[in-house]
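Student: I'd like to zoom in on one part of this model and take it slowly. Could you walk me through it and then show me a few other spots worth a look?

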Amino acid sequence: MASNKYVVGRASDLAEGERMIVEVNNRSIGIFNIDGKFFGLANNCPHKGAEMCKGHVVGHLSSPAPGEFEYDTSRKYVMCPWHGWEFDIATGQSYFDPTGVRTRPYAVEVEGGSAVISEVDDGEASYTPGEYALIAQDPGFALHEGIAGDLDGRKPGPYTAETIPITVEDDYLVVNFRPVRPPRAARKVEETA
Amino acid sequence: MTEAILVNASQTPLDGTTRNELWSGPVIDVDVHANVPSLDALYPYMSEMWIDWCKERGWKGPNASYAHYPPGSARACRPEWRPTGMMPASNVSLLKEHILDPWQVDNAIINCYYGVDALRHPDWAAALARAVNDWLIAEWLEKDSRLRASMVLPARDPKAMVDEIRRVGNHPGFVQVMFPVRNDQLWGQRVFHPVYEAMVEHDLVFGMHYGGTTDGPPSTTGYSSWFVEDYAAEWQSFAGQVTSLVSEGVFQKFPQLRVSVLEGGFLWVPVWGWRMNKEWKGLRREVPWLDRAPLEIIRDHFRFSTAPIDGGPPALMEKATEWLNSEDLLMFATDYPHAYDDDFAAFFNVIPDSMKPKMMAESARNWYRL
């Protein structure tokens, strides 16, 4: 059975504030540890294809008037090394055109070794492309808890299981190629609507 | 009543077209000039002290206006508008005869470029600005109800600028403040923000106009040698000032502020804007108050007079005009009495019909609350 999940390394190998670039399923993905939470982002800039995830990681800088700065370091952006475009690491959306210019975010989960082993053994149920597109269009869809996103109906690629040795004792970073299910409450609203 | 006849029309059927044949709707002319005929004409509006100050020194007035508009130059006045024995555009009767009546304008906005900005004497510059403004009120605004005007300010002293806005800003005839495009400092910089605050209080438009400090370099890389360089390449000064006003966040701080670019051309704007939009995406952290693409700010906060047109061959004019990507940006101007070699009829005929009423009057009526 095909899997949507790929084990990319040990959680302890990626300290807070650090990032790593991994090749998964023939895609280059940047994995970021932001304040202990893990985020994945396609490592190619939608502008000209630069390795975007190698750029500066910066806070959210805005201003209501000349000389007044509001710097929110709880929201992190990666700046493309070629032209400086900023992308929200949590959603993949660009700063200057959040709906029009964005890159694909990936969910990165931390799972214990035993859970990873059983998932690798069992495989994972995957959405059909049609189901995937429906979920991605759902306005209630949340990639990470509390952060709205939009995958623009992209379809998951062909699945191949990662085969790396897993030990039960460690926590692992698992890139999930399928979107997180909408919160239960949001789905209820949709069903009754 | 005499009707205005278009000159410079390159297409034979248009040469000699009358105003109503070209456009029978309303017209507002956003850039006509009032020339101070001589320093003596301002004496009735000066205190004894400043009159004596001029006489003691034999001072005849700032020379900046002569540098920007050499009086005998064909550019300074069209032949048909050049009166005998007097300065062109120097009284309201000439303006009525040449523009207000034949163009049948609803309103015309007077810009007086007298070169007050050339003075470095802080008190004299302020006094001369007061005299020019009082002359504009008494000898122009109060003589024809169709007229509105830009006030002039001493450009080197923001406090004096604010004082003058407060002194005459409530006169209903003043709808705008004239800012000569060339200045010691870029107009977007914060030292001038109190001036914009006072302008917003009085609902005055920022009228950026050809001219300004003649002892400052007109280009970003120094002084030019010839008048033609100053005159034909002045758009680079306009571009610098527009870039400054946008980048400094003036419109985030003063969302009500409106800027008219007068005698500055407009076809450089799309090219400038494309570059600015591109750079903003990657450099915006430097100016985080710039909360949207620069061209969007241009559409909300800027209008451009139609003289000069810089339109190129009529065959290419249509495409160039499309680059503006807006029917709202342009406001008609004769630029009386100056003579740009513009083919206004050719330009008028390539713009969309839906844009014509806006360009000829509606945009200006909204912009200046006329």
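How many bridges join strand β6 of chain A to β7(A)?

Tutor: Before we start, keep in mind that this is a predicted model. Now to your strand. β6 covers residues 70-79 of chain A, and three bridges join it to β7(A). The two strands run antiparallel. If you want one pair to find on screen, go for Val78(A): its bridge partner in β7(A) is Phe87(A).

β6 and β7 belong to an open sheet of three strands in chain A, in the order β5-β6-β7, with antiparallel pairing. The edges are β5 (57-62) and β7 (86-88) of chain A, each of which pairs on one side only. Going from one strand to the next, the twist averages 60 degrees.

Chain A also touches chain B, so let's look at that contact. Chain A puts in 10 residues and chain B puts in 12 residues. On the chain A side, six of the residues are nonpolar, four are polar and none are charged.

Over in chain B, have a look at two backbone angles. Ala89(B) has a phi near 55 degrees, which is a positive value in a residue other than glycine. You'll find Ala89(B) in the loop between α3 (64-68) and α4 (92-100) of chain B. Is Ala89(B) buried or exposed? Count the other C-beta atoms within 10 Å: there are 25, and a residue is buried at 20 or more, so Ala89(B) is buried.

Asp203(B) also has a phi near 55 degrees, again a positive value in a residue other than glycine. Asp203(B) sits in the loop between α7 (193-201) and β5 (205-212) of chain B. Its count of C-beta neighbours inside 10 Å is 13, so Asp203(B) counts as partly exposed.

Last stop: cis peptide bonds, still in chain B. One joins Ala307(B) and Pro308(B), with omega about 0 degrees. Pro308(B) lies in the loop that runs between β7 (302-305) and α13 (314-322) of chain B. Careful with the names here: this β7 belongs to chain B, while the β7 that pairs with your strand belongs to chain A. Another cis peptide bond joins Tyr336(B) and Pro337(B), and omega there is about 0 degrees. To find Pro337(B), go to the loop between β8 (330-331) and α14 (344-350) of chain B.

Conventions: Residues numbered from 1 in each chain as written. Chains lettered and ligands numbered in written order. Predicted model: local features only at pLDDT ≥ 70, side-chain atom pairs only at ≥ 80, totals over all residues. Pairing = 2+ DSSP bridges. Helix = DSSP H or I, 4+ residues; strand = E, 2+ residues; numbered from the N terminus. Axes fitted to C-alpha atoms, helices over the stretch in contact; angles between N-to-C directions. Contact = placed C-beta atoms within 7 Å. Nonpolar A, V, L, I, M, F, W, Y, C, P; charged D, E, K, R; others polar. Buried ≥ 20, exposed ≤ 12 C-beta atoms within 10 Å, placed from the backbone.
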